[in-house]
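Welcome! Take a look at it first, and then we will go through a few points together.

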Amino acid sequence: MSTATTTLPRARGGVLGLIASTDHKSVAIRIFLTGFFFFVAGGILALLIRTELYSPGQQLVNQDHYNEIFSMHGSTMIYLFVVPISLALGVYFVPLQVGAAEIALPRLALLGWWLLIGGGVTMWLGWFTQNGPGDAGWTAYDPLSDATNTPGDGMYLWIIGVMLAATSAALLSACILGTVMRRRAPGMTLLRMPVFTWSMLMTSILMIVAAPALLVAMGLLFWERVYGGVFDTSGGPIQYQNLFWFFGHPVVYVMFFPFVGAVGEVIAVFSRKRFFGYRAHVAALLLFTALSTSVWAHHMFATGQITVKYFSLMSTALIIPAGIEYLDLVGTMWGGRIRVGVPMAFAVGFILQFLIGGLSGIFTGSPPLDYHVTDSYFIVGHFHYTLFAGSLFGFFAAFYYWWPKVTGTFLRTGIGWIHFVLLFVGANVTFFPMFFLGYDGMPRRVADYDPQFTDLNRVSTIGAFIIALGILAWLVNIVVSLVKREPAPDDPWGGHTLEWATSSPPPRHNFDKPLPPIRSYAPLFDARSGQTAKIEKAEA
Amino acid sequence: MTPISAVPLACYAVLIGITSVVLWVWTPYTLPPALLSGGALLMLVIAAIVALRGRTAKPSVDRAVPDLSFATVGVALGIINILVGLYLGLYLILIGAGILAFGLGGWIREARAQRRAREIVDAR
């Protein structure tokens with residue numbers, strides 16, 4: 001191993017850097033590229049699903065292959081794309097935002113990336129086995145996923161892949177948590193941390209608490225398939241579901257919080273205002289995190305073997321912190337001198353669409369309504385509004401906002417708008433009809449359906465291809481911007497937080513000049529507006 | 001050094017501790033409240049560790065940081081081989097264990113090199 005000090009300004013490149021660099025920025029970019037690869041793979045599966053559902057009957061695939069396709073689509077998108085890129089944002093930007101020269105536990109960050117690759121490759125190797133990959137959904141409920149009902153090697157590889165991906169996520173979270181706890185720059189107190197850093201802290205807490213439950217569930221499922229005797233007792237399948245959803249529900253927030261934080265940063269900067277209601281936002285995040293750990297069994301209302309009133313009450317209580325966060329986001333825009341730009345468009349798109357996801361969540365948190373829509377396309381519409389129409393828009397807001405910092409170049413604004421419009425239209429055309437389909441009784445996870453559902457399914461399929469065009473525009477934007485570079489200054493947006501106080505891209509140890517005084521959660525905004533001097537005078 | 005950093009972790013632990021108590025009272029089942037209580041306990045332990053260790057006293061730019069870590073690659077490949085070997089056979093577990101041992105040995109070597117480098121930096 002070679003050891004670098006501050007005299008080494010640049011990260012190691014080349015093949016060696018690619019496989020073994022512990023620079024958090026390099027690790028984060030590699031996690032992103034890995035997640036992006038699986039996003040494309042999972043997206044192709046989504047197009048196959050929607051193409052099959054364009055008409056009733058079975059055109060492309062039979063029911064068995066359809067099971068494999070939707071299982072791998074869900075598993076890939078959640079375990080190998082959204083969770084890793086959520087954490088990749090934190091791995092890259094949390095050390096910068098807290099003024100640290102390096103992430104805590106850099107070797108574990110590198111290990112996390114390698115385990116993610118191992119998990120993804122292992123899971124996808126299932127396609128080359130005799131019975132195909134795991135086809136018991138992304139949840140792999142027992143007994144559906146046991147050796148009798150899902151025979152073959154693919155399911156074993158799926159379990160191992162999930163274990164590796166979950167371990168990866170837990171390790172990356174530990175790195176982020178350690179950075180926030182131990183690597184903050186002098187002056188960066190807890191209540192001076194940017195909202196994105198707070199959201200990543202809460203994300204890390206969730207993942208560290210939830211991941212062990214998934215590892216236990218997967219370990220027991222593996223044992224069950226090999227030896228039996230674990231879940232094949234009375235109530236055994238319910239125990240599996242409890243273990244799975246103790247991870248499965250908090251992970252929804254792992255895929256949400258980072259983007260709320262990123263959107264908060266974008267909105268504050270593009271409204272040219274300090275973030276509104278910072279302390280309330282932090283308190284709401286903390287409450288949100290605790291409640292989101294306590295509501296998992298609302299996914300199991302229909303089993304009749306959980307304490308329905310408790311989980312319904314806790315689920316409904318989520319409205320309180322969610323409302324505060326929305327108030328803060330809108331309040332930040334209120335009265336601001338709003339600058340219209342692609343990051344801001346995606347941020348507003350996130351707010352609007354996640355609202356639909358959240359409001360439909362109130363339906364599913366209410367047992368009488370949930371009994372009606374459970375296992376229907378209503379649920380598919382709900383979670384795609386939260387994860388795709390919500391989180392992915394938050395991701396794109398972050399992507400357009402931080403791209404100049406990571407690459408030192410601008411993305412093309414015109415192509416960015418095309419990307420936004422196509423994605424916004426595509427997402428709503430795809431997912432909104434699903435609410436009607438589900439309410440009217442179309443079950444999820446079927447390759448064939450009653451002809452009465454044909455029209456709405458066709459609309460949904462057309463929407464999916466509009467989304468694909470939007471993603472294509474995004475890729476074109478990336479390629480054009482990397483080939484024909486348009487250099488960006490260090491702080492192109494008038495940022496508020498410390499990552500904008502360093503060069504673009506940042507040097508190996510993040511800051512090559514002294515940090516500005518940190519007197520609030522928006523130190524650069526303070527410096528520009530003269531607030532720093534006022535605060536220091538008041539303190540004196 | 002201040003234990004204040006542990007406050008959010010402790011708050012979270014207390015909050016889910018409270019919800020777990022409510023669930024213990026409300027539910028006839030054991031696993032759901034046990035999961036919540038376990039989560040609260042885990043976070044309390046982490047909060048205690050953070051409180052005891054505190055924030056790094058010295059500015060972090062003065063710390064020697066590992067730049068390349070091939071040992072970590074070994075640890076990762078070892079873990080992946082062992083897990084896949086659980087299904088594919090003992091031979092792969094043994095290969096994975098060997099790679100893992102090399103990786104862990106490398107980590108120890110790296111940590112010692114890092115400590116020496118830090119001493120050099122501190123001496124400047």
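In this predicted model, eleven residue pairs, both members at pLDDT 80 or more, are in polar contact between chain B and chain A.

**Chain B's side of the interface**
- Helix 3 of chain B gives the largest share of the side that touches chain A, with twelve residues.
- By type, the residues on this side of chain B divide into 41 nonpolar, ten polar and seven charged.

**The interface as a whole**
- Chain B brings 58 residues to the contact, and chain A brings 72 residues.
- About 5800 Å² is buried between chain B and chain A, and carbon and sulfur atoms give 72% of that area.
- Two salt bridges are found across the interface.
- Arg107(A) forms a salt bridge with Glu110(B), with 2.6 Å between the closest N and O atoms.

**A stop inside chain A: Ser391(A)**
- You will find Ser391(A) in helix 15 (residues 377-407) of chain A.
- Is Ser391(A) buried or exposed? With a relative accessible area of 1%, Ser391(A) is buried, because the cut-off for buried is under 20%.
- Leaving aside residues up to four places away in sequence, Ser391(A) touches Met255(A), Phe256(A), Phe259(A), Phe350(A), Phe354(A) and Thr386(A).

Conventions:
Residues are numbered from 1 along each chain as its sequence is written. Chains are lettered from A and ligands numbered from 1 in the order in which they are written. This is a predicted model: local features need pLDDT of at least 70, side-chain atom pairs count only at pLDDT 80 or more; totals for chains, interfaces and linings use all residues. Side-chain values use heavy atoms; hydrogens and water are left out. Contact means heavy atoms within 4.5 Å. Buried area is the accessible area (1.4 Å probe) that two parts lose on being put together, summed over both. A salt bridge is a side-chain nitrogen of Lys or Arg within 4 Å of a carboxyl oxygen of Asp or Glu. A polar contact is a pair of N or O atoms within 3.5 Å; within protein, one must be able to donate a hydrogen and the other to accept it, and residues adjacent in sequence count only if both atoms are side-chain atoms. Helices (H or I, at least four residues) and strands (E, at least two) are DSSP runs, numbered from the N terminus. Ala, Val, Leu, Ile, Met, Phe, Trp, Tyr, Cys and Pro count as nonpolar, Asp, Glu, Lys and Arg as charged, and the others, Gly among them, as polar. Buried means under 20% relative accessible area, exposed over 50%, partly exposed in between (1.4 Å probe, protein chains only).
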